[in-house]
Amino acid sequence: MNNHILAIILGGGQGSRLAPLTESRSKPAVPIAGKYRLVDIPISNCINSDIKRMFVLTQFNSASLNQHIKNTYHFSHFSTAFVDILAAEQTPDNPTWFQGTADAVRQCMQHFLNHDFEYALILSGDQLYQMDFNAMIKAHEASGASISIATLPVTAKEAPEFGILKTDSENFITSFIEKPHADLLPQWTSEVSEEMKAEGKNYLASMGIYIFNRDLLVELMSNTETKDFGKEIIPQAIGKQKILSYQYEGYWTDIGNIDSFFEANLGLTDDIPKFNLFDNSSKIYTRARVLPPSKITGATTIDKSVIAEGSIINAASINHCVVGIRSRIGKGSAISNSYLMGNDFYQNLEEISTNFSNNVINIGIGERCFINYTIVDKNCRIGNDVKLNGGAHLDDINTPLYTVKDGIIVVKKGAVLPDGFEV
């Protein structure tokens, strides 16, 4: 186990750009790929890198995240490994909530310093990627850097969305600009591999993954004026500290809004997905559930889709979809280009029969429904003959039952859509 590394996973703020998925849960607790939570990604990357001492910092809607981590990550009683939640707390010294990424780390420093470590690995809780942190740590140690930043080659079109940096011949960062205007980009190109050049990726973007030497982190956190790593700590340290750029060329996406979240999930259905769930060396860990295999009956056609365990499917067709755990889809329904998060529990046969007799809609998706470009959150009850047809023709709107963002319909957690409902 890498006992000289302490991982700090930032749970993010209120997650308003991912609303309504974050109305009742924190961003790291949002379900992804039908059976995981977002927080499972950085935690799994750490475990696969033999880093097994982790703190997850959060302050909004953390109950389900607490429950997930408590039920999932158990290590040997004879091990020093742990995954602990640190929720924002008011103390005599810190009467406010977290004001930014650096402020969150500062307010929790007392807990980190109870442990021996040489380096702090600071990660985001809302990114999708598979990365061996050992290579980055070795590069950090070999260079003699006091800070290392994981960087991703990006195109000119993507660059204005990121913090962009420039490096010298030894990969040390010499300058940094936050979300540069397109007019400034010609002077911000960096040296990248030939493969990246061929793809037009000539700019280095910060991935929000940092390594700090312990002593420097303690020193920087003593300045209570700085609130954020990307906007203040890193730019202010350039020229004063040796800051290494560690280039990463694998798949990485920042799941900051509904559009990127939707795209990342449906990307898992590709024949060879950029994010590979089927990899012995980069497993994604999550809560171990005792669920039956999924059951598909009738003349259901399924193409380019991912079906999680425990589902009961009678649909006419499922095309380009991610279907989450315990999903139930009725006869004649056609689901396409959608992410169904599934359900947290089953209804027993008696309850289903009673509801049917009393015209109460059961959990799941009813019969003869048409669902396209839609995210259906957990535990929804969708009646028969419901039509949800997302796309560019829809304006953004927020209602008690559903939200539309960028043409994507998001049915809210636990929503009940009556028979014949249409969007």
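A salt bridge here is a side-chain nitrogen of Lys or Arg within 4 Å of a carboxyl oxygen of Asp or Glu. Before I use that, two notes on the source. This is a predicted model, where local features need pLDDT of at least 70, side-chain atom pairs count only at pLDDT 80 or more, and totals for chains, interfaces and linings use all residues. Residues are numbered from 1 along each chain as its sequence is written, and side-chain values use heavy atoms, with hydrogens and water left out.

The rule gives 12 salt bridges. One of them joins Asp270 and Lys304, at 3.9 Å from N to O. That pair links distant parts of the chain, 34 residues apart: Asp270 sits in the loop between helix H9 (258-266) and strand S14 (295-296), and Lys304 in the loop between strand S15 (301-303) and strand S16 (306-307). Helices (H or I, at least four residues) and strands (E, at least two) are DSSP runs, numbered from the N terminus.

For burial, under 20% relative accessible area is buried, over 50% is exposed, and in between is partly exposed, with a 1.4 Å probe and protein chains only. Asp270 is partly exposed at 30%, and Lys304 is partly exposed at 39%.

Salt bridges with shared partners also join Glu191, Glu194 and Lys197 into one network. Within it, the closest N and O atoms of Lys197 and Glu191 are 3.1 Å apart. Lys197 is partly exposed at 32%, while Glu191 is exposed at 55%.

Which residue forms a salt bridge with Arg25? Asp377 does, with the closest N and O atoms 2.9 Å apart. The two are 352 residues apart, Asp377 in the loop between strands S23 (374-376) and S24 (381-382), Arg25 in the loop between strands S1 (5-10) and S2 (31-32). Both Asp377 and Arg25 are buried.

Now the rings. Rings of Phe, Tyr and Trp (its six-membered ring) pair if their centres lie within 6.5 Å; planes under 30 degrees apart are stacked, over 60 edge-to-face, and the rest tilted. That gives 11 aromatic pairs. Phe162 and Trp252 make a tilted pair, 5.9 Å centre to centre with 50 degrees between the planes. Phe162 is in the loop between strands S8 (147-154) and S9 (163-167) and Trp252 is in strand S13 (residues 252-254), so this pair ties together parts 90 residues apart in sequence. Phe162 is buried at 17%, and Trp252 is buried at 10%.

Finally, Phe55, Phe82 and Phe112 form one aromatic cluster.
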